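These are my notebook entries on a structure that is new to me. I begin with one term and then go through the sheets and helices in turn.

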Amino acid sequence: MKIRSKTKITKSIYYNLKENKKSTTLVLFLSGLSGEKDTPLFKTAEKEFCKMGFSILRTNLCNSNEKKTKKTDALALEIMNFSIYAIELKNLLDYTGGERYSKFIFVGHSFGAPILITFLNKYKKYAQRTSLVLWDPSILPFKKKLMDEAFAFDRERKVYIEKRGKDACIFNAGFYKELSETMDAVEILKGLSMKVCVIGADKGVGKDAKKYFAKLNLRNKRESVFTIIKKANHLFDGRRTQKELFEKTLKFLKK
């Protein structure tokens, strides 16, 4: 399924919606730079969360940088920044009937975490009725030295191009600066004063997950949850790992 982009009317936002007509809660899964809606993790998670009676939304807010999943009419990663991510996510939530839900559960995996955090910071009305879950979240800003080593600036196009040849990411200069200098996702989350479920992967970026939890204020820290799943990789591959991931997440949501 797809809807027309809010920022470029000739482009589309792709999504999957599994709706429970009786549900008053919508669960949104978001990962990667594009959204990565069709990852094995999210497909399995959809089945598990559907059992709880929730409606489920998965989306690609822009094109994947992998050729096999690219769409000719999807937004290019090259034009994206956090403002556009937020605008398009609100566009999608409005279109899929977000107003009828009294509660949201936002699950941000990897880069989906800073996208959701910045969205909630911009649209406070969603923050007031959202439970936030972060699965092995990316932390911003990325280390500029490492970014500069991995990307080369194309002066003619005014974009940063990843030096690896295959499926290389391309960022506009503004977004590159957000990623490497100006966007402090941990401080933004702290300012939201929300309770959060943060689950890190032992063999992923668990140290980054810990930084998110450490910055929460004392009141929200008492209501929040932090855990590291042992032997889990960044994608939480494996039945045992995913069983533990879903159990810990659902336990938090029942609090």
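Before looking at any helix pair, I wrote down one definition: a crossing is left-handed if the near helix is turned anticlockwise from the far one by less than a right angle, and right-handed if clockwise. I also note that the model is predicted.

**Entry 1: a pair of helices**

I recorded that two packed helices are described by the angle between their axes and the distance between the axes. I looked up helix α3 (residues 112-122) and helix α7 (residues 185-192), whose axes come within 9 Å and cross at roughly 45°. The two helices α3 and α7 are therefore oblique to each other. By the definition above, the crossing of α3 and α7 is left-handed.

Which residues of α3 and α7 meet? From α3 I listed Pro114, Ile117, Thr118, Leu120 and Asn121; from α7 I listed Ala185, Ile188, Leu189 and Leu192. Sorted by kind, the residues of this contact of α3 with α7 are seven nonpolar and two polar, with no charged residue.

**Entry 2: the sheet of eight strands**

I traced an open sheet of eight strands with mixed pairing, in the order β1-β2-β4-β3-β5-β6-β10-β11. Its edge strands are β1 (2-4) and β11 (225-229), each of which pairs on one side only. On average, neighbouring strands of this sheet are turned by 20° against each other, direction ignored. Helix α8 (residues 206-214) packs on the sheet and touches β6, β10 and β11. The direction of α8 makes about 170° with that of β11.

Is strand β6 (residues 130-135) enclosed or open? I found that six of its six residues are buried, so β6 is largely enclosed by the rest of the structure. Thr130, Leu132 and Leu134 point one way from β6, while Ser131, Val133 and Trp135 point the other way, and all are buried.

I then followed the pairing of β6. Strand β5 (residues 103-109) runs parallel to β6 and is joined to it by six bridges. Across this pairing, Phe104 stands opposite Thr130, and His109 stands opposite Trp135. Strand β10 (residues 196-201) also pairs with β6 in the parallel sense, over four bridges. There Leu132 stands opposite Val196 in β10.

**Entry 3: Ser31**

I located Ser31 in strand β3 (residues 25-31). Is Ser31 buried or exposed? Buried means under 20% relative accessible area; Ser31 has 5% relative accessibility and therefore counts as buried. Leaving aside residues up to four places away in sequence, I found that Ser31 touches Glu36, Phe42, His109, Ser110 and Gly112. One of these contacts, His109, was already noted above as standing opposite Trp135 in β6.

**Entry 4: the sheet of three strands**

I noted an open sheet of three strands in the order β7-β8-β9, with antiparallel pairing. Why is one side of β7 and of β9 left without a neighbour in the sheet? Because β7 (151-154) and β9 (170-172) stand at the edges, each has a single partner strand. Neighbouring strands of this sheet are turned by 25° against each other on average, direction ignored.

β7 pairs with strand β8 (residues 159-162) in the antiparallel sense over four bridges, and Phe153 stands opposite Tyr160 in β8. Finally, I recorded that helix α6 (residues 173-182) lies across β7, β8 and β9 and runs at about 95° to β9.

Technical notes:
Residues numbered from 1 in each chain as written. Predicted model: local features only at pLDDT ≥ 70, side-chain atom pairs only at ≥ 80, totals over all residues. Heavy atoms only, no water. Buried < 20%, exposed > 50% of the residue type's maximum accessible area, 1.4 Å probe, protein only. Contact = heavy atoms within 4.5 Å. Axes fitted to C-alpha atoms, helices over the stretch in contact; angles between N-to-C directions. Parallel < 35°, antiparallel > 145°, perpendicular 65-115°, else oblique. Nonpolar A, V, L, I, M, F, W, Y, C, P; charged D, E, K, R; others polar. Pairing = 2+ DSSP bridges.
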